[in-house]
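This briefing sets out selected features of the chain shown below, grouped by topic.

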Amino acid sequence: MQAEIKGTTMPLLEMVLESGESVISTHGELSWMTANVQLTQTTSTGGQKGLMSGLKRAVGGGGVFLTKYEAQGGQGMVAFGSKLPGRIFPVTIQNGQGYLVHRHGWVCGTDGIVPTVGMQQTFRGGIYGGDGFVLQRLEGEGQAWIELSGEIITYELAAGQSMLVHPGHVGLFEDRVSFTITRVPGIKNMIFGQDGFHLVALTGPGNIWLQSMPVSVLAEALTPYLKHDDSHGGAVDAGVGGVLGGMIGKNL
């Protein structure tokens, strides 16, 4: 198996598979593939089988089923494109060591990777939609590829050291890093509603990867330019705002 990340600001992950080799991913991540790659749906990976493992993934923001891409009759290729400008990079997962990643950050992985529920928190503010703050846990053994948006900043936190992070900027962190949701009172506006301003407290020891441009922050920056205006195509502005609002809920 060979993995190559191509491109710059909108990278693409190209996986070259030998006959019989396979990778797993959530449904809908595929960009293109060669004709000899066979797709199958599965609820089991990394030795975990059955519907319950699939239901745990669904609670964690993924789907009940995973898609398995397997090359047959010779070398095959499957490619996964990024959703926003940013980076795609690999992480190696070993038994007893896992990672937590934002709900749409996991691109694909080898068969030994086990995606499951990490954490789900609902906020009443409009920026989070109905999905809230959702993390997936990646464990098992193998290689996983992660997509984060914008510039990626990595910190190694010492034991007891904490970083307070806007939920949308949380990209990936080791599961030995503890995390809690904390509310900063006194800030109430159209974005955060009556819950105030929420931050994620990440406490070491361990490594964290933060992303500079989550779609929620991008949408917030564009909001002043999407206000309804009947004299300048207000219906179009409202439609764009509706689409952007849907993206917010799907990408946090």
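Phe 173 is buried, at a relative accessible area of 0%. The model in which this residue is described is a predicted one. Phe 179, its partner in an aromatic pair, is partly exposed, with a relative accessible area of 22%.

**Aromatic pairs**
- Three aromatic pairs are present in the structure.

**Overall architecture**
- The chain contains three helices and 19 strands.
- It has 252 residues, of which 45% count as buried.
- Of the contacts between residues at least 6 apart in sequence, 78% link residues at least 24 apart.
- The chain has an accessible surface of about 11800 Å², and carbon and sulfur atoms account for 55% of that area.

**Nonpolar cores**
- The largest nonpolar core comprises 16 residues, and the members touching the most others are Val 91, Trp 106, Leu 138, Ile 146 and Leu 172.
- At least two residues of this core come from each of strand E8 (86–93), strand E9 (99–102) and strand E13 (142–149).
- A separate core of 13 residues includes Met 15, Val 23, Val 78 and Phe 80.
- Beyond residues up to four places away in sequence, Trp 106 touches a set of residues that includes Ile 24, Leu 66, Val 101, Ile 113, Leu 138 and Ile 146.
- Also among the residues touched by Trp 106 are Ser 25, Thr 26, Glu 29, Pro 115 and Trp 145.

**Surface patch**
- Leu 30, Met 33 and Leu 39 make a nonpolar surface patch of about 210 Å².
- Met 33 lies in strand E4, which spans residues 30–33.

**Surroundings of Gln 41**
- Gln 41 belongs to strand E5 (residues 37–42) and is partly exposed, at a relative accessible area of 47%.
- Setting aside neighbours within four places in sequence, Gln 41 is in contact with Phe 65, Leu 66 and Thr 67.
- Gln 41 and Phe 65 are 24 residues apart along the chain, and their C-alpha atoms are separated by 6.0 Å.
- Leu 66, a contact of Gln 41, is also touched by Trp 106.

Methods: Residues are numbered from 1 along each chain as its sequence is written. This is a predicted model: local features need pLDDT of at least 70, side-chain atom pairs count only at pLDDT 80 or more; totals for chains, interfaces and linings use all residues. Side-chain values use heavy atoms; hydrogens and water are left out. Rings of Phe, Tyr and Trp (its six-membered ring) pair if their centres lie within 6.5 Å; planes under 30 degrees apart count as stacked, over 60 as edge-to-face and the rest as tilted. Buried means under 20% relative accessible area, exposed over 50%, partly exposed in between (1.4 Å probe, protein chains only). Patches are made of residues with over 30% relative accessible area and no salt bridge: like charges are joined within 9 Å, nonpolar side chains (Val, Leu, Ile, Met, Phe, Trp, Tyr) within 5 Å. Accessible areas come from the Shrake-Rupley method with a 1.4 Å probe; for residues, only the protein chains shown count as cover. A salt bridge is a side-chain nitrogen of Lys or Arg within 4 Å of a carboxyl oxygen of Asp or Glu. Helices (H or I, at least four residues) and strands (E, at least two) are DSSP runs, numbered from the N terminus. Contact means heavy atoms within 4.5 Å. A nonpolar core is a set of buried Ala, Val, Leu, Ile, Met, Phe, Trp, Tyr and Cys residues joined through side-chain atoms within 4.5 Å.
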